[in-house]
Amino acid sequence: MTRFLDLVHPAAGTALMSEWLTGSAGRSRAAADAIAAEWAAAGTPSGRLAQHIFLDTDGTGLLFYAQWTGDEEHLVWARAHRAGTVSRVDTLVPGIERPGLRRTRLERSVVHDAERPAGVFVVTTLAAAEAESAVAPAPGLLAAHVHLTSGGDRAIVIGEWTHAVAHAEAATGTDPFKRYTLHHAS
């Protein structure tokens, strides 16, 4: 399986995360495939360096992780093209809920094991001051990638785990998390 650092573009000035709630695994796959087709048909906009789709392991949604050279480049594209792109997906998969876009920057990565493949990516949101606890070594934690929100008060940590069972055994806090697998990388 692909490791997260394989997806990171070194020139990224901003990393955008957007969750789409679909309600079922079939709808999640249909939405993911539809948006991937939209991206392929439209070509890569200026400033977008990479775009990845992760499927929630519980089947209820997906996560987009996009890397852009900066926020302004993304905003220019969003004003001109986002509504049309999303409406075409909504025609194929109606009723998708989108809780919002989070603008972040990758602050740091801590790699504990660079050799074993990641079986699951766990996305946890917590106070920035608590991010250290999410990167501490734990059985099955291969790496953790700390993203800070634009205000700097929240951290979104993408953890690479050997498998969901290892994460479940290590999870002790009350911070919200979701488990994902990579569906599409471009």
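**View 1. Strand β5 is largely enclosed by the rest of the structure, because 7 of its 8 residues are buried.** Buried here stands for under 20% relative accessible area, exposed for over 50%, and partly exposed for the range in between, with a 1.4 Å probe and protein chains only. Strands (E, at least two residues) and helices (H or I, at least four) are DSSP runs numbered from the N terminus. The model is a predicted one, in which local features need pLDDT of at least 70 and side-chain atom pairs count only at pLDDT 80 or more, whereas totals for chains, interfaces and linings use all residues. Residues are numbered from 1 along each chain as its sequence is written, and side-chain values use heavy atoms, with hydrogens and water left out.

**View 2. Strand β5 pairs with strand β7 (residues 154-161) in the antiparallel sense, over 8 bridges.** Two strands are taken to pair if DSSP finds at least two bridges between them. Within this pairing, A155 of β7 is the bridge partner of L126. Strand β5 also runs antiparallel to β8, to which it is joined by 4 bridges, and in that pairing K178 of β8 stands opposite V123.

**View 3. T125 lies in strand β5, which covers residues 120-127.** With a relative accessibility of 17%, T125 counts as buried. Its side chain is joined to that of R102 by a polar contact of 2.8 Å, a polar contact being a pair of N or O atoms within 3.5 Å, of which, within protein, one must be able to donate a hydrogen and the other to accept it, while residues adjacent in sequence count only if both atoms are side-chain atoms. When residues up to four places away in sequence are not counted, T125 touches R102, R154, A155, I156, D175 and P176, where contact means heavy atoms within 4.5 Å.

**View 4. V122 is another residue of strand β5.** V122 is buried, at a relative accessible area of 2%. Leaving out residues up to four places away in sequence, V122 touches V157, I158, G159, W161, H167, F177, K178 and R179. From V122 to A185 the separation is 63 residues in sequence and 17 Å in space, C-alpha to C-alpha.

**View 5. Helix α1 (residues 25-42) has 18 residues and reaches 26 Å from its first C-alpha to its last.** This reach is close to the 26 Å expected at 1.5 Å a residue, the expected span being 1.5 Å times one less than the number of residues in the helix. The buried residues of α1 are S28, A31, A32, A34, I35, A36, E38 and W39, and they pack against β1 (14-21), β2 (48-56), β3 (61-68), α2 (71-92) and β8 (177-185). Just after the helix, G43 takes a positive phi of about 80°.

**View 6. The largest nonpolar core has 15 residues, and W20, A31, I35, I53, L62, F64 and V89 are those with the most contacts inside it.** Two or more residues of this core come from each of α1, β2, β3 and α2, and the largest share, 6 residues, is given by α1. A nonpolar core is a set of buried Ala, Val, Leu, Ile, Met, Phe, Trp, Tyr and Cys residues joined through side-chain atoms within 4.5 Å. Leaving aside neighbours within four places in sequence, I35 is in contact with W20, I53, F64, T85 and V89. A second, separate core, of 14 residues, includes F4, F54, A118 and I156.

**View 7. The side chains of K178 and D56 meet in a salt bridge, at 3.7 Å from N to O.** Because K178 lies in strand β8 and D56 in strand β2, the pair ties together parts that are 122 residues apart in sequence. K178 is partly exposed, with a relative accessible area of 27%, whereas D56, at 7% relative accessibility, counts as buried. A salt bridge is a side-chain nitrogen of Lys or Arg within 4 Å of a carboxyl oxygen of Asp or Glu, and a search of the whole structure finds 10 of them.

**View 8. R98 and D90 meet through their side chains in a salt bridge of 2.7 Å, N to O.** R98 counts as partly exposed at 24% relative accessibility, and D90 counts as partly exposed at 24%. In a further salt bridge, that of R108 with E107, the closest N and O atoms are 3.1 Å apart. Salt bridges that share partners also join E19, D56 and K178 into one network.
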